[in-house]
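Me: I want to learn to read a model feature by feature. Can we take the helices, then the rings, then the sheet?

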Amino acid sequence: MTSDKPDFLHEAGPAAWRMAAQVVTAVGQVLLWILTGVGRLLRPITSRLVAALYGRSTPPAVPPPYGGPPAYATPDGTLFTRQPPTPAGAPAPPSRPPKTPPLLRWVHAWRRFGESWAYGPVTGAILAVAALIELPLHHLQVVSLPGAFALAATLPLMFRRESLRPASAIVLGALAASLLSGQQVLLTTAFAGLYTLFLLAQQLPRQSTGVLGVCSVVAVGVVYLASGSLDDIPWLAGFTAVIAAIGLGDARRTVETAEASVDEERERSSETLTQLNAAQREQAILRERARIARELHDVVAHSVSMIAVQAETAPYTMRELSPEAKKGFGEIAGAAREALEEMRRLLTVLRAEPGAEPEVTPQPRLDRLGELIDSHRGAGGEARLTVRGSARPLSTTIELSAYRIVQEALTNARRHAPGAQVNVELEYQGDRLAVRVTDDGSTAPPTTVNDGRTKVMGHGLVGMRERATMLGGRFAAGPRPEGGFAVQAELPVGQNRRS
């Protein structure tokens, strides 16, 4: 015959378990209600405390009561309305800069104090004073052997930033001597010893930190066995405090090393991004130069070529042309051919790699300034060339830039001051070439000539300035006090001489 006891236990077990769960749930729910009620009662106090520490943010808006102005609720439930807007034309109220929350101000002030030179001396002195104050609480005299040990175990921490290892040797030696001699352990001296272990573990290498941990544990064990200074402290707590201090210091060192590695990696990434951006800008410049060269070749070069061809063939297709007309068409064809040559040189420069001086031949040099002056005179202008200093051959870039500056200045003089006397001066100095082109603006009032030229020939001035500054030189242009216009440039030649 089978007993019913197992079936009863089988049914009673789950029922008791469910009842216990219901009881626990009911008790927990009651406790939650109580805590919720206490939280609601303390909400105004906690809100004001948080606002005092972290600062008060803009309160949330609530619907206006009874159709009144917009209202806002403070954390404690108080409603207040927004001030009416400032009338049009009235001066706006002065804006107040946002205030830093008190807790953040305290944190920033403590951080600044921790980074200052006075942090070590002040905190070390405070710890030494606290040790002297703690001595009478244990019925010990200040002027005594325990007092001397207390000062020796705390006062050297004033110099921990300048000389950590010597100061640590004094602190730990004084603490060990005090404990081995049977002196009563003080809270301040114990803290000084643990803090010193923390600092050493933070500064020492990993292997040295391991040796420090083993020696510290052995020293604490010897103190427990040889004297009764630590009898009031359980041995597990003593060993745990020493190991925790050293472990925290080692962890802090690991974190600082990781942060330094992250900062270095971030700096390397920033440098890499900077180099990448520079390379991308260089590639963009090269693409833009190639696009400009392509457009010049496809559009402008074709048109100028057509002008040259038509001007050259005109005397053969138009029999009734006068000698003057034939000469004019010849000059047009020659100018077009010269423009094509100049454009070909420009395209070569645009297509060249940056930093490389393109090989373009022939390039106008300073020995062709005489031809340029004669061309200016043939166009109806008056010009005179003066060379000072010891003339010597310079690099193609320097002579080409000087030639172009003189050419542009003569062109502007013919355009804005026709018939004016132009003086072209070259002066070979020790390490630079000075170029000066002046005119007297004799065919028009000085103000009109100068103002019109400054406004009209803006692109020419920009081009001359870019040629000078590209070589590291200086450029200036403007009206002269006595009338007329002056263009001056200085091009460095010290590093561009021919060998």
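Me: Which residues are exposed on the other side of helix 7?
Reply: Gln207, Val211, Val214, Leu225 and Ala226 are exposed there. Exposed means over 50% relative accessible area, buried under 20%, and partly exposed in between, with a 1.4 Å probe and protein chains only. Helices (H or I, at least four residues) and strands (E, at least two) are DSSP runs, numbered from the N terminus.

Me: What should I know about the model itself?
Reply: It is predicted: local features need pLDDT of at least 70, side-chain atom pairs count only at pLDDT 80 or more, and totals for chains, interfaces and linings use all residues. Residues are numbered from 1 along each chain as its sequence is written, and side-chain values use heavy atoms, with hydrogens and water left out.

Me: Which residues of helix 7 are buried?
Reply: Thr209, Leu212, Gly213, Ser216, Val220, Gly221, Val223 and Tyr224 are buried. They cover an arc of only 165 degrees around the axis, which puts them on the same side of helix 7. The arc is that of the directions from the helix axis to the C-beta atoms.

Me: How far apart are the end C-alpha atoms of helix 7?
Reply: They are 30 Å apart. The expected span is 1.5 Å times one less than the number of residues. Helix 7 (residues 206-226) has 21 residues and should span 30 Å, which agrees. Helix 6 (residues 187-203) also agrees: its 17 residues should span 24 Å, and its end C-alpha atoms are 24 Å apart.

Me: Now the rings. How many aromatic pairs does the structure hold?
Reply: It holds 5. Rings of Phe, Tyr and Trp (its six-membered ring) pair if their centres lie within 6.5 Å; planes under 30 degrees apart count as stacked, over 60 as edge-to-face and the rest as tilted. Take Tyr195 and Phe198: their ring centres are 6.3 Å apart and their planes are at 20 degrees, so the pair is stacked. The two are 3 residues apart in helix 6, or about one helical turn. Ring pairs link Phe191, Tyr195 and Phe198 into a cluster.

Me: What accessibility do Tyr195 and Phe198 have?
Reply: Tyr195 has a relative accessible area of 23%, so it is partly exposed. Phe198, at 22%, is also partly exposed.

Me: On to the sheet. What is the order of its strands?
Reply: First, the general idea. Strands of a sheet pair through backbone hydrogen bonds, either parallel or antiparallel. Here two strands pair if DSSP finds at least two bridges between them. In this model 5 strands form an open sheet in the order 4-5-6-8-7, with mixed pairing. Strand 4 (382-388) and strand 7 (474-479) stand at the edges, each with a single partner strand, so one side of each is left without a neighbour in the sheet. The twist averages 10 degrees from one strand to the next.

Me: Which strands run parallel, and which antiparallel?
Reply: Strand 4 and strand 5 (residues 421-428) run parallel, joined by 7 bridges. Ala383 stands opposite Val422 in strand 5. Strand 6 and strand 8 run antiparallel, with 8 bridges. There Val435 stands opposite Ala489 in strand 8. Strand 7 and strand 8 run antiparallel too, with 6 bridges. In their hairpin, which has 5 residues between the strands, Gly483 takes a positive phi near 110 degrees.

Me: Which helices lie across these strands?
Reply: Helix 10 (residues 369-378) lies across strand 4 and strand 5, at about 160 degrees to strand 4. Helix 11 (residues 396-416) lies across strand 5, strand 6 (432-439) and strand 8 (485-492), at about 5 degrees to strand 6. Axes are lines fitted to C-alpha atoms, for helices over the stretch in contact, and angles run from 0 to 180 degrees between N-to-C directions. Contact means heavy atoms within 4.5 Å.

Me: How many residues of strand 8 are buried?
Reply: 6 of its 8 residues are buried, so strand 8 is mostly covered.
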